[in-house]
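Please read it alongside the sequence and the structure.

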Amino acid sequence: MGNNYFIEDTALLIGLISMPDNKKSESFFNDKIKEHLSDNYKKGRNDYNINNRSGETVDDLLYNPIGFKTFGDYDLAVFSLIDDISYPHRIFHSHKSLMEPENSGNKESSNDSYDYQVITCINTYKGKDAYEGPQKHKLSDLFNPPSKKFDKYPYLSISKAKITNYFLMGNGIIFSDLVKNKLYALCEEYNKGEEKPIEIIVLDSLGSEELVIVSFSKNLSSLIQFVHEARCLQLESLRTVNEDQYNEIISNKLDIFSLDEKINWKETHVFSAMNSIGGYRIDLVENKVSEYDFLPQSFSDPDNSVYIEFVWDIKPGHAKKFYENLRQKGRPYKLNFEEVDSDPLRLYNSAWRYKLPVPDETDHVTVTGFINQIEFLRKFDSEHSHTRRLRMKVYLKNESGILSFLQPVNEFDEINHPKPKLYKGRLVFSPSILIGLRKNFNKANISKLLRERVMKMYNNYNSCISDPMYFSSFTDLVGFMITLASESLDYCKGDYQSSIDFNEWMNVCVESFEQAYFNRFHQSTRINEIPEFNIEWNGGIQQILSSLDCAFKELSDKTYKTHYYQKFVYVSGYERVRVSENTLRINMLYVTYPELFATSIYKEVFNFLGRESLRKDYAPEALTKFRDPNYPSFLKECIERQAGYDMGNSVHKFLLSKIDREHINTFIADFLSYNYGYACDYDLFSHSYWKHLLQTSMFYDRCGQLDHKMFVSFLTRMLFVFIITSKEAEETEEAEEAEESYEMKFRFTPENTAISDLWMRYYNDVLIFVKCLCTILRWHKFKSTFYDLINVLKEEELTNENLQLMKDRINLSQRKNIPDDIVSVLYEVKIKKDVGLIIEKFKQNRIHEYKDGDNASYFVTSLSRAFLKYMYELDMENITLEKGKSISHVLERDEEGKPKLEDMEGCFSNILSDPHGGLFCINSSIQKKSLSARIVYYRSLYHFCMKRKNKNISELADRMDDLREKIQS
């Protein structure tokens, strides 16, 4: 039985903003964020909603931001409910002044800018119809009256929490769920009285920190105390929530770690890091407190002393002038400078500190008055005449001491609250390894420039893999680093590779590592105070990236059996996806639209099968023929002798010229992807492949037309798969009928009306060429050769029950006695059933859980195929096609590049390929369903990834030991 984890069909965007100087918070929020960012985006969504004429628009709660003033390095916190995961990655900063003409009258400088960070959150919960246990909150509750949390509480905190990976690996979202329940239980402890000062919602992040805790409160003291207790949670405290789940987590703990024997590991912290920022409603600044009768008239309570510390970094020689201005202008706000006056030496310090006590119930200071004091201090010297920057912190002083939002966990009591430490001897490159590597580089006369880059690469890796907060993400790179070191040693000891080739190979490896390294720590706690600076995306994507990386690794392991761990996935700004011996380079669209990843992953994995499989015992001997350097020339000669080939036909000449080893490998990869990844579902295969091609902008010309050569090449691949996998008929009459069936299926019904002109112009010529090609390849046993190979992959994923069924029907003592299609038939029956069950989970917004003992590659395959099939259903939902008709799956754009959908209802599917790149949904209800499906895919892979890492690390540690022995020898 699974745990029945479900997700919501919306996500939460949290933006942290440092406003430009001399900007009022509310006017800045309304103008820059609400109007010119959210409202404009929402209007565009409604304008391009194909169903808008029937009254369907984007939900009012969506893209309707709410703002809070904050304490800390940022001035504003913005909350917005969203239904598109790509929105925070591509749009957050408003460039209003850049879009206006120079004579618009706007006096704002075009250079007016602000720093920001973006956090994207999703909500995972247990139960189908209602939240079980304490998880009672939905994202819509934050915005939807009467439960609207933002209206009920004036103060909040946002806490990004990094879960200790020591327990997360091996358990995945099961551990996250237990931690969530403990946080909700802790909140209930605070609400035992009548007042109930605290309310929280615990969300899942997609970045470096696994959880985001949004806490609402009626006073700051309760808020600070709750955050403090949440920081200090120990593993043992989780037992009280669910002892069975607790014991399961303990049994799956990661054994690669070692703790001091004097320390009880059950006392380790639940969180290895937590960064919190507090805030208050933005409209309190504008003297609107009277509008909210429920607001308390104080910030604190008599039992706790709360104060806000303002710290200005003073320019040299400006301290005295700064203080004089502060005293003079601060008089109307009744600020207390007695402590400052008694310490004249403070006038010569490089930083100026002022502690503002928070009034309690015994003081006669209103909330409005206190807010005005805060606003004066935070805006004082906003032009930076005397200061460089202002920092703010909130403190609480009570019996426990001084508590702060920003105080790190291990500063409280490191002895009683230990952190798990990585046993460095297993995954870290020890000095002996690095010294040995450097010595061998010196012996082989490797350039100093390259040598230092490589050594710095290993040093950076060691730094992150040793950090309890980062090792989970960086375990993705362990195998690559080991393999790189091993192959470098082989080069240094031999002379089989030229120095130029080795330098080029190593430079590519270092550059790939550099990008992957950057992917995995961008926007994490290591650079927490630095604003967004990544050009490809906003916020973190570490969890998604590790999940996609794990899927790629598992399918590679399934196919090649060796060098599995050396491969890794990274995100770059290049549009074209590239797979190499060690890496899979994807672009950001594969993260925001993971169906693109699911579409191409099999082809990318199989791209190297022709070369790699020669090393395997199970590889068919005939496969060597298709990798023979002379085979492309031989194949061309055979095609030229075919009756249908026309040497005067430009299409035939073009397609013949493209045949080389790489092109043959593409045919092999497509054939295997169709049979294995798509389980011979041609409609799904064709739909997914065409959608992927048509969103690749580099395949279009400047006029927005699909390049005809690219179209011809792609149509060749599609028809090749269809024809080569069709049943070969022995009788002439049956052969003619089979030929007519595939000709009629496609000739007058293009896959997509957006390519109708190209289709009608080139289809017949391409078809004739492909038939010539397939005829030759059938003579060369192409189909049976690769069926034999693919059946080995499929057979490994069949259960014992399936295999017993096979034994009842055929003799398995020798593989040659197995009919060609028996394994495929059984596999297709199995995966069709399983995919159907997984699709139902997608429809229910339910996570598909990986369980110990499940076949890893089959899990990835069945999940990805179900995801693609469900997205196909969404794309065609409520679309009625007449027989022999087709519709467009491509977004049309006008001369200015704007979407063009007027008077085209019924002519488009729901989710269109955007010629500029990515996908474009024109149906609001489908948009929410597609977001849900993508999140289910993310979270299912993430749980799978974290469960698998526990086992895989032990194997990596063994490989590190082997490398150490190799160095010493």
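In strand β10, Gly-279 is the bridge partner of Leu-156, and β10 (residues 271–281) is joined to strand β7 (residues 155–163) by 9 bridges, the two running antiparallel. Two strands are said to pair if DSSP finds at least two bridges between them; the strands (E, at least two residues) and helices (H or I, at least four residues) are themselves DSSP runs, numbered from the N terminus. Strand β3 (residues 66–70) also pairs with β10 in the antiparallel sense, over 3 bridges, and here Lys-69 stands opposite Tyr-280 of β10. Because 10 of its 11 residues are buried, β10 is largely enclosed by the rest of the structure; buried means under 20% relative accessible area, exposed over 50%, and partly exposed in between, with a 1.4 Å probe and protein chains only.

This is a predicted model, in which local features need pLDDT of at least 70 and side-chain atom pairs count only at pLDDT 80 or more, while totals for chains, interfaces and linings use all residues. Residues are numbered from 1 along each chain as its sequence is written, and side-chain values use heavy atoms, with hydrogens and water left out.

The protein chain comes to 34 helices and 20 strands, and buried residues make up 60% of its 969 residues. Of its contacts with a separation of 6 or more, 76% are accounted for by residues 24 or more positions apart, a contact being heavy atoms within 4.5 Å.

A further group of strands forms an open sheet of 3 strands in the order β18-β19-β20, with mixed pairing. Its edge strands are β18 (888–890) and β20 (919–921), each of which pairs on one side only, and neighbouring strands of the sheet are turned by 30 degrees against each other on average, direction ignored. Strand β19 (residues 908–913) runs antiparallel to β20 and is joined to it by 3 bridges, with Cys-921 of β20 as the bridge partner of Ile-911. Helix α33 (residues 856–875) lies across β18 and β19 and runs at about 130 degrees to β19; axes are lines fitted to C-alpha atoms, for helices over the stretch in contact, and angles run from 0 to 180 degrees between N-to-C directions.

Where does Asp-914 lie? Asp-914 is in the loop between β19 and β20, and at 7% relative accessibility it counts as buried. Leaving aside neighbours within four places in sequence, Asp-914 is in contact with Leu-694, Gln-695, Leu-891, Arg-893, Leu-919 and Phe-920. One of these, Leu-694, is 220 residues away from Asp-914 in sequence, yet the two are 7.2 Å apart in space, C-alpha to C-alpha. With Arg-893, the side chain of Asp-914 makes a polar contact of 2.6 Å; the term covers a pair of N or O atoms within 3.5 Å, where within protein one must be able to donate a hydrogen and the other to accept it, and residues adjacent in sequence count only if both atoms are side-chain atoms.

Ser-940, placed in helix α34 (residues 924–968), is buried at 0% relative accessibility. Not counting residues up to four places away in sequence, Ser-940 touches Ile-847, His-848, Phe-859 and Leu-863.

The structure also holds 58 aromatic pairs, which are rings of Phe, Tyr and Trp (its six-membered ring) with centres within 6.5 Å; planes under 30 degrees apart count as stacked, over 60 as edge-to-face and the rest as tilted. The rings of Phe-429 and Tyr-458 have centres 4.7 Å apart and planes at 75 degrees, so this pair is edge-to-face. Because Phe-429 lies in the loop between α12 (424–427) and α13 (431–443) and Tyr-458 in helix α14 (residues 448–465), the pair ties together parts that are 29 residues apart in sequence. Phe-429 counts as buried at 1% relative accessibility, and Tyr-458 is buried with a relative accessible area of 1%.
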